[in-house]
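Hello,

I am handing this structure over to you.

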Amino acid sequence: MMRKQAQRALRLGRTSTPQAESRGQAPARANVVAECGWGRLVAGHTFADPADIAAALLQEQPGQRDIAFYVDKPHVVVSHAPAQLFVDPSETFRLRLNHYTPQRAVRRGFTIRRLRSRADVAAINAIYRARRMVPVDPAHVWGQRSERQTIYALAEDRHTGEVIGVAMGLDHAEAFGDAEPGASLWALAVSPQASHPGIGEALTRYLAEHFQARGRAFMDLSVLHDNASAIALYRKLGFQNIPVFAVKRRNAINEPLFTGGAHAEGLNPYARILVDEAQRRGIRVEVIDAENGYFKLSLGGRSVVCRESLSELTSAVAMSRCADKRVTIRLLSQAGLKVPHQAQAADAEHNAAFLREHGAIVVKPVDGEQGKGIAVNLTDADDVEAAIENASQYGERVLLEQYCEGQDLRVVVINHQVVAAALRKPATVVGDGQSTIAQLIDKQSRRRAAATGGESRIPVDGETKRCIGLQGFKLDDVLPFGESLAVRKTANLHTGGTIHDVTDQLHPTLKNAAEHASRVLDIPVTGLDFLVPAVDQPDYVVIEANERPGLANHEPQPTAQRFIDLLFPGSASQQVPT
């Protein structure tokens, strides 16, 4: 009987057995709850009574994400509060560290290191917010940085010094006093803007090797059952599925896990972020056309139909002013805002004359969106004609525009107030010394698609080939290790561009110009595109106004919150408590 008890305890990672205590190991710890910064880990195997596990979960604080792990009888735990608890639909995987072989050293464009500054904590939270994960309590994480119980591993870009990935490890021997001392990996996240491959694998290996060096027997992790790419990675590293269960408390953070996310099924990230915010406030959501992003929000006697961030509050006149780029620029110019010179494409002689006047130009559809059909920094007349032909596929009228040097800045204005500002950077690949540029583009495109719900991909078209050629490369060339190559001129998210928040750095002149432009166009929600030498300087030109700006990917700025505030003033006070 005692042998069976010991075997069962070790399988679940239990804290003690009679044999362990007879060998002089530390006595068992009961009812252990480990603080992790993003919430608490309730160590189910240290509880004798399932009712106590349920009681611990019901003490979850607002904005936190508590997890009861190693739960022997999850159905019994849930039975104590069935309206508030649910069994987490995740799989548990275990890596036996005595069988794990560290990877040979490889050259990478990033390094893995430990947490070492308060700025690191801020960077961790920036990644978690970008991934729509629960941010950590900075004071807790910084205060526990020297403790042996938890470890934060960070991936840092060698070139920029930017933190681009994070994972937390928990030492079970330190936290629980387990008889078979193991460990677990939690909250792994990679920046959606990261261009390097293998960051998640490197973080996982770093923690595995760290705990292996400590003599730990295994490292466990929990992953959603339908996260096929993550599961494939863990299986490749040697993790094996084990029958371990988790229980969570129902809250707004994990609502899709117990409702199936039916209210937002099929919506793209730009619609989903708004629907999720509405749901948190108790606003009724009716998805009208998921594929095209249409939904209706209702609260009390008020209903508003939206297509992503375009709502019934935007008039047809305001929408038409933004849709026609010629009208946009004309109105903004008349209002005293700085804009580039424009002309409609015509015959080759006219087009060549405009090119000679400005030296370098941009070609784009008059009514285009999402960066389609745009060619930038054209200096050759033949290239201009080819770009016009391509742009005409996305609209009958094609625009020629003076090319202005500068960083691509998107400013989101809601209710005539700046809510977010972000630099948009063109799709870029980083060489590994082995892969061709075509292969690097394919890998980066797949990462961008995964990070944005399929919204961001790098097209391998004539414009991409032109941009690569201007830098002296071809698609089948191998890019040297560590070398960065911009494969697009435009920084549009839909063509693989990345977005980087600079709201706090925005110069007052740029802020005032954006808010003034929204009033000139008389539009309640817009994304203004600027070209600027620097975000903290006053110089600028406004090149476009978008009537349906994407409000996702602007973390940590409250774009979705301000949008719902606009539609339903006062609804924030009715938010469903977490």
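**Aromatic pairs**

Rings of Phe, Tyr and Trp (its six-membered ring) pair if their centres lie within 6.5 Å; planes under 30 degrees apart count as stacked, over 60 as edge-to-face and the rest as tilted. By this rule the count comes to five aromatic pairs. One of them is W38 with W186, a tilted pair at 6.2 Å centre to centre and 45° between the planes. The two partners are 148 residues apart: W38 is in the loop between β1 (33–35) and β2 (40–43), W186 in strand β9 (residues 183–190). Helices (H or I, at least four residues) and strands (E, at least two) are DSSP runs, numbered from the N terminus.

Are W38 and W186 buried or exposed? W38 has 1% relative accessibility, so W38 counts as buried. W186 is at 4% and also counts as buried. Buried means under 20% relative accessible area, exposed over 50%, partly exposed in between (1.4 Å probe, protein chains only).

W186 also pairs with F69: the ring centres are 5.0 Å apart and the planes are at 80°, so this pair is edge-to-face. F69 lies in strand β3 (residues 67–71) and W186 in β9, so the pair ties together parts 117 residues apart in sequence. Both F69 and W186 are buried. W38, F69, Y70 and W186 make up one aromatic cluster.

Before you go on, note that this is a predicted model: local features need pLDDT of at least 70, side-chain atom pairs count only at pLDDT 80 or more, and totals for chains, interfaces and linings use all residues. Residues are numbered from 1 along each chain as its sequence is written, and side-chain values use heavy atoms, with hydrogens and water left out.

**Charges over rings**

The charged end of R94 sits over the ring of F218, 3.8 Å from its centre. R145 does this with W142, its charged end 3.8 Å from the ring centre. The rule: NZ of Lys or CZ of Arg is within 6 Å of the ring centre and within 35 degrees of the ring normal.

**Cores**

A nonpolar core is a set of buried Ala, Val, Leu, Ile, Met, Phe, Trp, Tyr and Cys residues joined through side-chain atoms within 4.5 Å. The largest has 35 residues, and W38, L41, Y152 and W186 touch the most other members. Which element gives the most to this core? Helix α5 does, with five residues. L41 touches several residues, including V32, I67, F69, L170 and W186. Contact means heavy atoms within 4.5 Å. Apart from this core lies another, of 30 residues, among them Y100, L185, A230 and I231.

**Two open sheets**

Two strands pair if DSSP finds at least two bridges between them. Two bridges join β15 (residues 302–307) to β16. There, R307 has L310 as its bridge partner.

Another open sheet of four strands has the order β17-β20-β18-β19, again with antiparallel pairing. Its edges are β17 (342–344) and β19 (375–378). β18 (residues 361–365) and β20 (residues 398–402) pair over five bridges. K364 stands opposite L399 in β20.

Best regards

Methods. Lists of a residue's contacts leave out its neighbours within four places in sequence.
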